[in-house]
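Please consult the sequence and the structure shown here alongside the text.

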Amino acid sequence: MAPIWPSYYGSARAVMFVIDASDPTQLSSSCAQLLSVLSAEQLATAPVLVLFNKIDLPSYMTPEEMEGLLRLPDIIATAGRPVATARVSARDGTGLTQVLRWLRDAR
């Protein structure tokens with residue numbers, strides 16, 4: 001899916017980037033994709049919300065583990081725009097209120 005993302009950048013006012021918190025083998029790929037999104041000129045002013053999904057699974061990594069492996073503090077410090085994080089579960093709705101609040105405030 002990632003190769004077609006740039007075709008949607010022009011009309012985007014905010015970015016929600018979802019990472020599977022239960023699959024540490026995909027973190028490096030997710031990090032590369034996130035850096036690609038953050039470097040897109042069309043998204044230079046768009047606020048970003050990084051969603052750590054699947055926190056309802058027993059195998060999920062803690063937010064501290066994910067942020068450390070992604071070097072998220074470094075990414076946030078150099079992003080040049082607001083970057084926030086949220087822990088969510090698409091299956092049971094955990095974190096949905098926080099995401100909707102962020103989306104409302106990001107416009």
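The model is predicted.

**Helix α1**

- The buried residues of α1 are Leu27, Ser30, Cys31, Leu34, Val37 and Leu38.
- Viewed down the axis of α1, these buried residues fall within an arc of 125 degrees, so they line one face of the helix.
- Ser28 and Ser39 are exposed on the other side of α1.
- Helix α1 comprises 13 residues (residues 27-39), which at 1.5 Å a residue should span 18 Å; the end C-alpha atoms are 18 Å apart, in agreement with that value.

- Asn53 is found in strand β2 (residues 48-53).
- Asn53 has a relative accessible area of 13% and is therefore buried, the cut-off being under 20%.
- Leaving aside residues up to four places away in sequence, Asn53 touches Val18, Ile19, Asp20, Ala21, Ser22, Val88, Ser89 and Ala90.
- Lys54 lies in the loop between β2 and α2 (63-70), and Lys54 is partly exposed, with a relative accessible area of 32%.
- With the same exclusion of residues up to four places away in sequence, Lys54 touches Asp20, Ser22, Tyr60, Val88 and Ser89.
- The side chain of Lys54 makes a polar contact (3.1 Å) with the side chain of Asp20.

Definitions and conventions
Residues are numbered from 1 along each chain as its sequence is written. This is a predicted model: local features need pLDDT of at least 70, side-chain atom pairs count only at pLDDT 80 or more; totals for chains, interfaces and linings use all residues. Side-chain values use heavy atoms; hydrogens and water are left out. Helices (H or I, at least four residues) and strands (E, at least two) are DSSP runs, numbered from the N terminus. Buried means under 20% relative accessible area, exposed over 50%, partly exposed in between (1.4 Å probe, protein chains only). Contact means heavy atoms within 4.5 Å. A polar contact is a pair of N or O atoms within 3.5 Å; within protein, one must be able to donate a hydrogen and the other to accept it, and residues adjacent in sequence count only if both atoms are side-chain atoms. The expected span of a helix is 1.5 Å times one less than its number of residues. The arc is that of the directions from the helix axis to the C-beta atoms.
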